[in-house]
Amino acid sequence: MVTAGICRWLARSGARVAPFKAQNMSNNSVVTPDGGEIGRAQAVQAAACGIEPSVRFNPVLLKPGSDRRSQVVVLGRVAGEVTALSYRERKAELLEIVSSTLDELRRDFDHVICEGAGSPAEINLRAGDIANMGLAQAARLPVVVVGDIDRGGVFAQLFGTLSLLDAADQALVAGFVINKFRGDPELLRPGLDQLRALTGRPVHGVLPWAEDLWLDAEDSLSYVADGVVGRPAPPRGGQWLRVAVPRLPRISNATDVEALAAEPGVAVRFVTEPSRLSDADLVVLPGSKSTVADLAWLRETGLAEAIREHARAGLPVAGICGGFQMLTRRIHDEVESGSGSVDGLGLLDLEIDFAPDKTLATPRGEAFGEAVTGYEIHHGVAVRRGDLPPLVTTADGEGEGGIAEAVLGTHWHGLFENDAFRREFLAWAALRAGRDGFRAATDTVFADIRTAQLDLLGDLVADHLDTDALRRLLDDGPPKELPTVGASLSPSA
């Protein structure tokens, strides 16, 4: 979010700016106009820059399929699977790709703002690092360390991070930023002065907590069970529409439901156990990086039967991508899980065959009588059975997804971001749920809500960071002769 804010601030000043994250680990991804797949965070940062997303902005994407294995996406395309240990063997090759891609961007743009991954002081991973100080060393980048004060212990975070780096890495750390502060920043002044005295480096600003920043979370860790998503406005009619979203262990593109949460009178909650469905009007099954494993989790928790009961009562259920696949009669998967044939929830008369090649697309079509766009990221292919009507008719006349009474599903992510379709969908869901008093707002424009958030990020940077200092770092690189703090570790190979 800080990276997006700096990008927005620079873009509004007239600079040509691009984001860059050498390596991202997230199952929230998007399809770019150049036909590849990148982390959703970098697509949001590109929007902050006023440019289209590109595979160059996130050359390495790791998509966890379990606690030990991840799919590797390189320059937008799947390049195998790795474990934490086997990934080390690919680091040298990937550093070359990352460095050359960054070089290209630096030639094409006035500024490139690089986001790290996790902490630069993960000393167990420093050897072969391509995302934090390894990248900074390779490209001689000035580094600003951002500390999250909302978690507590921010001064220890910042001082400890610096002191755990070796002398060569410390020489690139030019200063700090404190993020998510609540209260009067003058209360921090003694600590800021002491931190500068201890490290020889300034704090370039204190960013305040902003309640309105909730869209486009980088990964599922931002979504806690039972918490309401966003800041829902009161309903336009007399009733709320209550939406329950199972928080799958390997949930992907959880941001799909944020467009629903932006609507007045729509309360969206992520849930992890079946009692939370008892008073829900609408259940939305989100995407999954491990469809079969997450379907098994639904059964273990009792959520699977609760979803089936919800549908049998005539109440609406919607599935997106992996969630759509779970709603079908049967899943045949020798690709993602290797489980073979597995029964689905049986709520849509379709079967799913997993194909070795991943579908990456940005299609257009029509649904509920409205023009729609979306993006597809999946191995599963729907095999139509019976007379199930499609949910979407694509621009080339093909049927996609399916709808049967109160149950619908689609492989398309981003479908709810289409304003006219979203209004029709909410009206459909409210009718099925018996929420006669719910009225879908006619003036919600989701793209404008996202733009307002990006502008807020730019305002926070302009108003609360030392932008003159940031410009000096962009123009001149790391300051000379920065002091080394602590014992200093030996340089890592």
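These legends walk through a few close-up views of a predicted model.

View 1. An unreviewed UniProt entry carries the annotation "active site" for Cys321 and His413. They are spread over 93 residues of sequence, yet they cluster in space, with a largest C-alpha distance of 7.1 Å. Both Cys321 and His413 belong to the lining of the largest cavity.

**View 2. A closer look at cysteine 321.** Find strand S17 (317–320) and helix H11 (322–326): cysteine 321 is in the loop between them.

**View 3. Over to histidine 413.** This residue is in a loop too, this time between strand S27 (407–410) and helix H12 (419–433). With a relative accessible area of 1%, histidine 413 is buried. Not counting residues up to four places away in sequence, histidine 413 touches Asn253, Asp256, Ile320, Cys321, Gly374, Tyr375 and Ile377.

**View 4. An open sheet of 4 strands.** Reading across the sheet, the order is S22-S21-S24-S25, and the pairing is antiparallel. Which strands are at the edges? They are strand S22 (370–373) and strand S25 (399–400), each of which pairs on one side only. In general, strands of a sheet are paired through backbone hydrogen bonds.

View 5. Strand S21 (residues 364–367) runs antiparallel to strand S24 (residues 392–394), and the two pair over 3 bridges. To get your bearings, look for glutamate 366: it stands opposite threonine 393 in S24.

**View 6. Cysteine 114, without a disulfide partner.** How many disulfides does the structure hold? The count is 0. For cysteine 114, the nearest cysteine sulfur is that of cysteine 7, and it is 9.4 Å away. A disulfide needs the two sulfur atoms within 2.5 Å, so cysteine 114 is in no disulfide.

Key. Residues numbered from 1 in each chain as written. Predicted model: local features only at pLDDT ≥ 70, side-chain atom pairs only at ≥ 80, totals over all residues. Heavy atoms only, no water. Pairing = 2+ DSSP bridges. UniProt positions renumbered as here; feature names shortened; annotations may be inferred. 1 Å grid on protein atoms, 1.4 Å probe; cavity = no way out; pocket = protein on both sides within 12 Å on 5 of 7 lines; lining within 4 Å. Buried < 20%, exposed > 50% of the residue type's maximum accessible area, 1.4 Å probe, protein only. Contact = heavy atoms within 4.5 Å.
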